[in-house]
Amino acid sequence: MDYTGSSFEYASTPPSPTYEGKSTALVIIDMQRGFLHPTYWGGKRNNPHLEEVCLRLLNKYRDQKWPIIHVHHHSNTPGSPLSPNLPDPSGNTGYSEVDALEGFEPRGAEIKVIKTVNSSFIGTNLTGILAQMGVKDLILVGLTANHCVNTTARMAGNLGYSAVVVGDGVACFPRLAWDGKGEIDADTVQHIALSTIHNEFCTVMGSEELLNLLH
């Protein structure tokens, strides 16, 4: 079989974003204390500016009173740092690993959705919430670029939502190559993860560009 050439055609392309804040939900995915665990995720998380970028977008949305949805993961995997009722990995008493990172605690009318798998749509009422809000456009940020953000973006595109993934508003961890031949660094993992969804399931862009387009 000849695999040369470029005869493959995408079945569809994502709808174009409107960048209208009041009809575009900011979806903050898995910004939780469990990701502070020093060893479980292998360490060496990339993008040290993740929290800063996400908070800038969150504060913009809060100031404008635009729709905000917090998605939190409650893992069913034994020993996962994202399992409910486990202590905070940073040693702070009174907190659980599934609690939001500092600054990302839901406020007031902001909606919190609990999921147990990678997609924010499966096993949740996210589609119903978005329909009730009258929202068809999404901005996705959070953790991790190659897992829950990626899966949510793919499903969003398949469900007909116009999604923007903020390239500097996500992060991830290194991954062992599928064939066991070495470790793939987090920056490479993220670059590939975002490149595989851009212009097929969603639009990927930087936070500065996005903030200039939002109105």
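A cavity is a set of points, on a 1 Å grid over the protein atoms alone, where a 1.4 Å probe fits but cannot get out. Grid points are joined across faces, edges and corners, and a volume is the space filled by probe spheres set on the points.

This is a predicted model: local features need pLDDT of at least 70, side-chain atom pairs count only at pLDDT 80 or more, and totals for chains, interfaces and linings use all residues. Residues are numbered from 1 along each chain as its sequence is written, and side-chain values use heavy atoms, with hydrogens and water left out.

**View 1. The cavity.** The structure holds 1 cavity of 30 Å³ or more. The volume of the largest cavity is about 40 Å³.

**View 2. The cavity lining.** Lining residues have an atom within 4 Å of a point. Among them are P17, Y19, D137 and L214. Two elements, β4 (137–143) and β5, each give two or more residues to this lining. Strands are DSSP runs of E, at least two residues long, numbered from the N terminus. β4 gives the most, with 3 residues.

**View 3. F173 in its loop.** F173 sits in the loop between β5 (162–171) and β6 (175–176). F173 counts as buried because its relative accessibility is 10%; buried means under 20% relative accessible area (1.4 Å probe, protein chains only).

**View 4. Around F173.** Leaving out residues up to four places away in sequence, F173 touches F35, W41, G43, R45, T144, A186 and V189. Contact means heavy atoms within 4.5 Å. D185 lies 12 residues from F173 in sequence, and 7.4 Å away in space, C-alpha to C-alpha.

How values were computed: Helices (H or I, at least four residues) and strands (E, at least two) are DSSP runs, numbered from the N terminus. Buried means under 20% relative accessible area, exposed over 50%, partly exposed in between (1.4 Å probe, protein chains only). On a 1 Å grid over the protein atoms alone, a cavity is a set of points where a 1.4 Å probe fits but cannot get out, and a pocket is an open set with protein on both sides within 12 Å along at least five of seven lines; lining residues have an atom within 4 Å of a point.
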